[in-house]
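Open the model in your viewer and keep the selection panel at hand. The tour goes stop by stop.

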Amino acid sequence: MIRVYADMVADLFHYGHVEFLRQVSSLGDYVLVGINSDDVAKVHKRRPIQTMEQRIVAVAACRYVDQVIPNAPWVFDPTWIEKYDIDLVVHGDDYSDEQRRRIYKAPIEMGIFRTVDYTKDVSTTDIIRRCKESPPEKYC
């Protein structure tokens, strides 16, 4: 059995997240998803709108996910990989080479890192921007 790991903030869970997890699931038999904590997400992106519990429930409900790991680190080492018996680590191809080498150093060095296509026409940041820019009467 191939255990595949992906990490994400998973805020405002949307079809880009589902497509990412569909691609991740195609690479193995069992999908583990690490959800980054609010504090970790805030340092690297922005503070999530949804709580950790809400994000966990949304990701766990996705048919492509077998297990959710709360409070996953942004950068992890071989000990993390061994703890969860991970065979493959996957992320979207939206990071630069430098970012990938820094964040996924351990799985890259272990030869167990892969990327999948990033869904370019949607992001949580874009959804937030559209909500801020759209007049309320447009949706009422």
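What follows is a short walk through a predicted model.

**Stop 1: aspartate 7**

Select strand 1, residues 3-8, and pick out aspartate 7 within the strand. Is aspartate 7 buried or exposed? Its relative accessible area is 6%. That is under the 20% cut-off, so aspartate 7 counts as buried.

Now show side chains. Which side chain makes a polar contact with that of aspartate 7? The partner is tyrosine 104, at 2.7 Å.

**Stop 2**

Check its backbone: phi is positive, about 65°, although alanine 10 is not a glycine. Alanine 10 is buried, because its relative accessibility of 2% falls under 20%.

Stay in the loop between strand 1 and helix 1 and select leucine 12. Here too phi is positive, at about 50°, in a residue that is not a glycine.

**Stop 3: the largest pocket**

Rolling a probe the size of a water molecule over the atoms shows where empty space is left. The largest pocket holds about 540 Å³ of space. Its lining has 26 residues; select Met8, His17, Lys45, Asp94 and Tyr118 for those closest to the centre.

Which elements give two or more residues to this lining? Colour strand 1, helix 1 (15-25), strand 4 (88-92) and helix 7 (124-133). Helix 1 gives the most, with 3 residues.

Next, colour the lining of the largest pocket by residue class. You get 10 nonpolar, 10 polar and 6 charged residues.

**Stop 4: helix 7**

Finish on helix 7, one of the elements that line the largest pocket. Select its buried residues: Thr124, Asp126, Ile127 and Ile128. What do the buried residues of helix 7 pack against? Show helix 1 beside them: that is the packing partner. Helix 1 is also the element that gives the most to the lining of the largest pocket.

Conventions. Residues are numbered from 1 along each chain as its sequence is written. This is a predicted model: local features need pLDDT of at least 70, side-chain atom pairs count only at pLDDT 80 or more; totals for chains, interfaces and linings use all residues. Side-chain values use heavy atoms; hydrogens and water are left out. Helices (H or I, at least four residues) and strands (E, at least two) are DSSP runs, numbered from the N terminus. Buried means under 20% relative accessible area, exposed over 50%, partly exposed in between (1.4 Å probe, protein chains only). A polar contact is a pair of N or O atoms within 3.5 Å; within protein, one must be able to donate a hydrogen and the other to accept it, and residues adjacent in sequence count only if both atoms are side-chain atoms. On a 1 Å grid over the protein atoms alone, a cavity is a set of points where a 1.4 Å probe fits but cannot get out, and a pocket is an open set with protein on both sides within 12 Å along at least five of seven lines; lining residues have an atom within 4 Å of a point. Grid points are joined across faces, edges and corners, and a volume is the space filled by probe spheres set on the points. Ala, Val, Leu, Ile, Met, Phe, Trp, Tyr, Cys and Pro count as nonpolar, Asp, Glu, Lys and Arg as charged, and the others, Gly among them, as polar. Contact means heavy atoms within 4.5 Å.
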